[in-house]
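These are my notebook entries on one structure, written down in the order in which I looked things up.

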Amino acid sequence: IHFKFIYLMVFTAERVHESSPNDAPVYFRQLFAYLEVKKYIQGDVLEVGCGDAYGTKLLVPLAKSYTAVDKFKSENIAKQEGVNFIQMNVPLFEGLKDNSFDTIISFQVIEHIEDDKYFLKELQRLLKPGGKFIFTTPNKKMSLTRNPYHIREYVMSEYKDLCSVFSNFELKGVF
């Protein structure tokens, strides 16, 4: 008897593909965040956790400059004009200067970050005075199952505590 072992590269990040019918419910929920955030995009933009970059293409035309950061590089981000892509692990934002961005977005990322408060402090460091940071993350009470890729999920009181690193914040829901 011969055994053949196949080694697969397993990504430790969740990926949703716009062309996959199986991913459609999650894709459209995440796409909603990109469509909603369009009205806030201005100036120099940083997207943390751009993934397959399906939302990035909606926002790049609205920005003065667009920097996208992700753990993995996708073919979609490589093909996009007007995007400065940086492959890195966060929350250590090496090479990005203080007060560099007018708008920072990060959708479905913070629940994957071990030190979430440090992550937010780093993003606060990168924001220009008066800048906006917009993020989404699952609401623990609305999750149907435990996601093995999430370090944690939050309830509303935990969101409020987490966001207290910012002097001014507003909490909204994505339904």
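**Entry 1: a lysine and its partners**

I am working with a predicted model, and I began with K128, which forms a salt bridge with D102, the closest N and O atoms being 3.3 Å apart. I then checked where the two residues sit: K128 is in strand β5 and D102 is in strand β4 (residues 101-107), so that the pair, 26 residues apart, links distant parts of the chain. I noted as background that side chains of opposite charge can pair when their charged atoms come close.

Which other residue meets K128 in a salt bridge? I found that the side chain of D44 does, at 2.9 Å from N to O.

**Entry 2: strand β1**

How many of the residues of β1 are buried? I counted 5 of the 5, so the strand is largely enclosed by the rest of the structure. D44, L46 and V48 point one way from β1, while V45 and E47 point the other way.

I then looked for the strands that pair with β1. Strand β2 (residues 65-70) pairs with β1 in the parallel sense over 5 bridges, and in β2 I found V69 as the bridge partner of V48. β1 is also joined to β4 by 3 bridges, and these two strands run parallel; here L46 stands opposite I104 in β4.

**Entry 3: a salt bridge within a helix**

I searched the whole structure for salt bridges and found 7. One of them is between the side chains of E122 and R125, which meet at 3.0 Å from N to O. Because E122 and R125 are 3 residues apart in helix α4 (residues 116-126), they are separated by about one helical turn. Is E122 buried or exposed? I found a relative accessibility of 9%, so E122 counts as buried, while R125, at 23%, counts as partly exposed.

**Entry 4: V165**

I moved on to V165, which lies in the segment after α5 (156-163). At 17% relative accessibility, V165 counts as buried. Leaving out residues up to four places away in sequence, I found that V165 touches L120, K121 and Q124. I also compared V165 with K117: the two are 48 residues apart in sequence, and their C-alpha atoms are 7.7 Å apart in space.

**Entry 5: aromatic rings**

Last, I looked up the aromatic pairs, and the count came to 6. One of these is formed by Y154 and Y159, a tilted pair with 5.8 Å from centre to centre and 35 degrees between the planes. Y154 counts as buried at 3% relative accessibility, and Y159 is buried too, with a relative accessible area of 8%. I also noted that Y34, Y54 and F107 form one aromatic cluster.

How values were computed. Residues are numbered from 1 along each chain as its sequence is written. This is a predicted model: local features need pLDDT of at least 70, side-chain atom pairs count only at pLDDT 80 or more; totals for chains, interfaces and linings use all residues. Side-chain values use heavy atoms; hydrogens and water are left out. Helices (H or I, at least four residues) and strands (E, at least two) are DSSP runs, numbered from the N terminus. Buried means under 20% relative accessible area, exposed over 50%, partly exposed in between (1.4 Å probe, protein chains only). Contact means heavy atoms within 4.5 Å. A salt bridge is a side-chain nitrogen of Lys or Arg within 4 Å of a carboxyl oxygen of Asp or Glu. Rings of Phe, Tyr and Trp (its six-membered ring) pair if their centres lie within 6.5 Å; planes under 30 degrees apart count as stacked, over 60 as edge-to-face and the rest as tilted. Two strands pair if DSSP finds at least two bridges between them.
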